[in-house]
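Subject: Structure handover

Dear colleague,

Here is the structure that I promised to pass on to you.

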Amino acid sequence: MAYTTFNRQINDQMKEPMFFGNPVNVSRYDQQKYGIFEKLIEKQLSFFWRPEEVDVSKDRIDYQNLPEHEKHIFISNLKYQTLLDSVQGRSPNVAFLPIVSLPELETWIETWAFSETIHSRSYTHIVRNISAEPHKVFDDIMLNEKILERAEDVTRYYDDLINGINLYQRCGEGTHTINGETHSISLYELKRRLYLCVMSVNVLEAIRFYVSFACSFAFAERELMEGNAKIIRLIARDEALHLTGTQHMLNIMAAGDDDADMAKIAKECEEEAYTIFRKAAEQEKDWAQYLFKDGSMIGLNKDILCQYVEYITNSRMQAIGMKAIFPTTQNPIPWINTWLVSDNVQVAPQEAEISSYLVGQIDNEVDGGDFGDFDL
Amino acid sequence: MPDIKLSNGAVINFDNSARTLLDALEREQLEVNFHCREGYCGACRCKLLCGEVSYINEPLAFVRKGEFLPCCSVPVTDIEIEIP
């Protein structure tokens, strides 16, 4: 089962499962088992943006005038997001590409990870603008205990999967002694690790970013740090798409038509999936506590943010067929939604090719009825 | 014009002045969660208890059986829905 970059086995790609079938040979999209991944790729490409397009120069003045406790909120969120996108910019490629079996899914994974690298670059763009000493901000990420605590849970499932794949592709199923240490691996166990990893990524994109998003938009509601908010909107738009991607993967796995083992695993891991969601929500609530330790900001405090975490956790769980775990049913910060509407993301249409520009402006179908209310 | 019946018994008439079901529901001051309003995030997911909707743009978000996205759909027949 060693990985090969160009599998010589002639196979019918339409019969391959998403993962753990034959490695992909020809990147062809004339036939697709799951057309949705091609549609996600096209959408993601239409979203393309560059951090340098957004002017963040006014943010420097805003930032200098923020009280210390609000500076802490702003910069801590930026550090946390930097961690999340550092992981997301590389891990889908490292973990999923060696085991993927469908060309459209392979390309979606690459497109997805690439867009995360744009997010990473945008954080440097923001930090360079607001701070004369950007290195201090980035250096602290590896020293900040609150961030490192989260890093552990964000990366654990990826690392378990990657280690398992390395062992399996080198030695195959069974118990192996490597450098004096004994390891066991089976394909079924690998599939279990894959399912949990996709679940954990889903949680990362569904919940972990949103505390930070809420704070960025709360600043912008006060007309502060608006350049940053513009960038965060573009990031949020991408993340919503990535989330849809992982939700599709999870739902395809759970349905079992793609790979019967995965449906069985989805059932077996149900309890663990609940634990992953619950733990992430608790960690994000702890993070809200840390953010507001020296004081709240106007329009947002720890309690409201914690309620929002509960609300969004419920809604994300229901999206993949799970039950809500928190009593919260109302969105405590409904104003955040207008910041997340993709139509309101201002871009030059000719550069970004937003779908509404392409389809809305030219109507080729004209008939007599269109002149009905036309008088001379 | 099709009627939209809500699970609490209220009935709203869908007329052509509303572009989508989400617009029609919001006009009645109903709180429906939404993010992208374009069918790719799935935040506005509601339950379709009976009737039929058609999509202006085919949604990218995963829509499970018995659910629909009001942000990019219009009713074809009278429908009964539940807002989560």
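The notes below take chain A as a whole, then single residues, and then the sheet of chain B.

This is a predicted model, in which local features need pLDDT of at least 70 and side-chain atom pairs count only at pLDDT 80 or more, while totals for chains, interfaces and linings use all residues. Residues are numbered from 1 along each chain as its sequence is written, chains are lettered from A and ligands numbered from 1 in the order in which they are written, and side-chain values use heavy atoms, with hydrogens and water left out.

Chain A

The secondary structure of chain A consists of 15 helices and 2 strands, where helices (H or I, at least four residues) and strands (E, at least two) are DSSP runs numbered from the N terminus. The radius of gyration of chain A is 23 Å, which agrees with the value near 21 Å that a compact globule of 376 residues would have; this radius is taken over C-alpha atoms, and the globule rule is 2.2 Å times the number of residues to the power 0.38. The C-alpha trace of chain A spans about 70 × 65 × 40 Å along its principal axes.

Of the 376 residues in chain A, 55% count as buried, a term that means under 20% relative accessible area, with exposed over 50% and partly exposed in between (1.4 Å probe, protein chains only). Among the contacts in chain A with a separation of 6 or more, 77% come from residues 24 or more positions apart, and contact here means heavy atoms within 4.5 Å.

Single residues

Leu78(A) lies in helix α3 (residues 68-96) of chain A and, at 3% relative accessibility, counts as buried. Leaving aside its neighbours within four places in sequence, Leu78(A) is in contact with Tyr123(A), Ile126(A), Val127(A) and Asn228(A).

Most residues other than glycine have a negative phi. Phe20(A), in the segment before α1 (35-46) of chain A, has a positive phi near 65°, and Phe20(A) is buried, with a relative accessible area of 14%. In chain B, Arg37(B) has a positive phi near 60° and is found in the loop between α1 (21-27) and β3.

The sheet of chain B

In what order do the 5 strands of the open sheet in chain B stand? The order is β2-β1-β7-β3-β5, with mixed pairing, and two strands pair if DSSP finds at least two bridges between them. β2 (11-13) and β5 (67-68) of chain B stand at the edges with a single partner strand each, so one side of each has no neighbour in the sheet.

β7(B) pairs with β1 (residues 3-6) in the parallel sense over 3 bridges, and Lys5(B) stands opposite Glu80(B). With β3 (residues 46-50), β7(B) pairs in the antiparallel sense over 3 bridges, and there Lys47(B) stands opposite Glu82(B).

Best regards
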